[in-house]
Every structure is written in structure tokens, then in C-alpha cells.
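User: I have a structure open here and would like to talk through a few parts of it. Could you take a look with me?

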Amino acid sequence: RDDQEKRNDLVSEIKKNLESYRISYTQTDTIGDKSFTIEERERSLFCKWEQFQKSEIVITDRLHGLIFSLITGTPCIVFPNNNFKIRSFYNTWLKNIDYVEYVETLSQMEDKIQILTNLIRGHSCKCDFQQYFQKLAEAIRLL
């Protein structure tokens, strides 16, 4: 993507790192390259979710990438971006989710890839977020 939150060095460093370990990857983005009709938006969204769901692990510095990983139950390694949005979201909502790992460095990423690879071999990566929705609904009712 080409926006203000992007860490310019991150993508190339991740690619080099994965290639050095002979790990295959697909680079994708959550930004569309055109305007979509309502029908096209839904179709495009479901195609993107399917792409995430078919992946073994997602590595991202984008909040939408993290959220799509949660929706699809795909293990995720998330790097911070140039603001505190991802770090805050992770620390507030996700630090106890075992298939999401927050990292600051490439060496931490290497360790987490191994942890998540071992995790997915016999574990369903789906969380029940209903408890959070209930708390949110209660908070809204109190307003």
C-alpha cells in the first residue's frame, strides 16, 4: 500500500527473511485498485477473506490485515505501523488470543512463525468474540 502508516523498510525485510528460510509467500493488499459497486464490494471482500483463510500464516502491519486474520481464523504475526493503532488494538483486545502474535522485530517474527506453525497443526484458530460483543452492547446501553 502507499499510505502514511506504512513502514517503508518492513516489506522488503520480511521478504528477504522469508526467502532466506525458503518460505514461500504471497504478497497481497487490502486496498482495491478501483471503485466498486456495492455488489462488487461484497464479492471482493469475500474473495479477500478466502485468500486469508487459505493461508497458513498472515504477516501484516495493517489493522485490516489483522482483523481479516481474526475473521478467518488465520494465525497472524502483526508488526506495528507508524502510529499506535495496531499496538493499542492488540494490547486492548487480542493479547490473550493464542493465534495472534505482536512483534517489533524480524528476529521476533522468526520465533513466532515457528510457534504459530506448531500451533496450527492440531488446533482450530477460531475465537468466540461473543463475550466482547456482549460487553460492548452493555456499555452502549449505559450511554
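User: Where does isoleucine 31 lie?

Analyst: Keeping in mind that this is a predicted model, isoleucine 31 sits in the loop that runs between α1 (10-20) and α2.

User: How far apart are isoleucine 31 and histidine 64, in sequence and in space?

Analyst: The two are separated by 33 residues in sequence, while their C-alpha atoms are 9.5 Å apart in space.

User: Switching to the helices, at what angle do α2 and α3 pack?

Analyst: Helix α2 (residues 38-53) packs against helix α3 (residues 63-72) at an angle of about 75 degrees, and their axes are 9 Å apart. Since angles of 65 to 115 degrees count as roughly perpendicular, α2 is roughly perpendicular to α3.

User: Which residues meet there?

Analyst: From α2 the contact involves Leu45, Lys48, Trp49, Phe52 and Gln53, which meet Gly65, Phe68, Ser69, Ile71 and Thr72 of α3. Sorted by class, this contact holds five nonpolar, four polar and one charged residues.

User: Zooming out, how many helices and strands are there, and what fraction of the chain is buried?

Analyst: The protein chain has six helices and three strands, arranged from the N terminus as α-α-β-α-β-α-β-α-α, and buried residues account for 31% of its 143 residues.

Note on methods
Residues numbered from 1 in each chain as written. Predicted model: local features only at pLDDT ≥ 70, side-chain atom pairs only at ≥ 80, totals over all residues. Heavy atoms only, no water. Axes fitted to C-alpha atoms, helices over the stretch in contact; angles between N-to-C directions. Helix = DSSP H or I, 4+ residues; strand = E, 2+ residues; numbered from the N terminus. Parallel < 35°, antiparallel > 145°, perpendicular 65-115°, else oblique. Contact = heavy atoms within 4.5 Å. Nonpolar A, V, L, I, M, F, W, Y, C, P; charged D, E, K, R; others polar. Buried < 20%, exposed > 50% of the residue type's maximum accessible area, 1.4 Å probe, protein only.
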